[in-house]
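I opened my notebook to look up a protein chain and its ligand. Here is what I wrote down, entry by entry.

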Amino acid sequence: MKRGEKVIFGAIAAVVLGLMGRNLWHIESDPVRQGDQGIPFYTTASADVSRRALQLIHQQGCKQCHSLWTVRDMTQNVPAPILDGLGSVRAEEWFYQYFSAPDPQSILPSRLKKQYRMPSYAGLPEQDRRLLASYMASLKVKDWYLPETRKAEYEKLTGKTYQP
Ligand code: HEC
C-alpha cells in the first residue's frame, strides 16, 4: 500500500469505527431499568420486553424522527413528539390502533410535510405492533415532572411566579 492510500484507508476506518461506536453508545445508553435518577422518565416494562421493543424501534428507525430516553439521531431534525412518558398520556389500545392504521393521520392529524409525518406501521406483523404498543404504554413520566414543566414554562413566558 502506498502512503497516500494508507492515510485514506485510515480515515475511512476511523469514520466506520466512529459510527459503530455511536450506535453502540445509543444502545448502551438506553436505560431499561425503572427510575433512573435525574431522569423523570421510566418504564414499567420487563427487561425482556424492553430489550425486544428497543431492538424493533432501532430496526424501524423510529429515532430518526423521535427522541426516546432523550436520545435521537442528531443528523435528523423532524419535529416529531418525544416518545418518553407517552404512556402516562395514552393507553396501550390507542397505540395499537395508531400503529395499525393505514393512515395514522386519520387518528392524529398532522400539519407537517408528508415526508416528516408518522408513517403507517400497518405492514408490521401483529406481534410487533402489539410489542410496540405495550412498550409505548409502559413509558411513564414521574408525577412531579408535568407540573414542574408547566411552572417553568409559565414563568419563562410571563416572568411571573406560577400559582397553581
Ligand atoms: C418520518 C418520521 C417518523 C418516524 C420514522 C416515526 N415517527 Fe412516530 N411520529 C412522527 C410524527 C411527525 C408524529 C406526529 C403526528 C404526525 O405528524 O403524523 C408521530 C407520532 C407518533 C406517536 C404519537 C405521539 C402522540 O402524541 O401520542 C407515536 C406513539 C409514535 N409516533 C411512535 C413511533 C414509533 C414507535 C416509530 C417506529 C416504529 C415511529 N413513531 C416512527 C414521525 C415519525
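**Burial.** I call a residue buried if 20 or more other C-beta atoms lie within 10 Å of its own, exposed if 12 or fewer, and partly exposed in between, with C-beta atoms placed from the backbone. By that count, 19% of the 164 residues of the protein chain are buried.

**Ground rules.** I noted that this is a predicted model, where local features need pLDDT of at least 70, side-chain atom pairs count only at pLDDT 80 or more, and totals for chains, interfaces and linings use all residues. Numbering starts from 1 along each chain as its sequence is written.

**Confidence.** I checked pLDDT, the predictor's confidence in each residue, from 0 to 100. The protein chain averages 84, and 84% of the residues score at least 70. Over residues 28-37, pLDDT stays under 50. Where pLDDT is low, the predicted coordinates should not be read in detail.

**Layout.** I listed helices (H or I, at least four residues) and strands (E, at least two), which are DSSP runs numbered from the N terminus. I found 5 helices and 2 strands, in the order α-β-α-α-α-β-α from the N terminus.

**Core.** Next I looked for a nonpolar core, a set of buried Ala, Val, Leu, Ile, Met, Phe, Trp, Tyr and Cys residues joined through C-beta atoms within 7 Å. The largest one has 21 residues, and Ala53, Phe95, Leu132, Ala133, Tyr135 and Met136 have the most contacts inside it. Strand E1 (41-43), H2, helix H3 (92-100) and H4 each supply at least two residues of this core. H4 gives the largest share, 6 residues.

**Helix H3.** Which residues of H3 are buried? I found Phe95, Tyr98 and Phe99. They lie on the same side of H3, because they cover an arc of only 95° around the axis (taken from the directions from the helix axis to the C-beta atoms). The buried residues of H3 pack against H4. I then followed Ala133 through its contacts (C-beta atoms, placed from the backbone, within 7 Å). Leaving aside neighbours within four places in sequence, Ala133 touches Glu92, Phe95, Tyr96 and Phe99.

**Ligand.** Last, I listed the shell: 26 residues surround the ligand, and the closest are Cys62, Cys65, Ala80, Ser110 and Met118. A residue counts as near if its C-beta atom, placed from the backbone, lies within 6 Å of the molecule. Helix H2 (47-60) and helix H4 (126-138) are the elements that give two or more residues to this shell.

Note on methods
Two residues are in contact if their C-beta atoms, placed from the backbone, lie within 7 Å.
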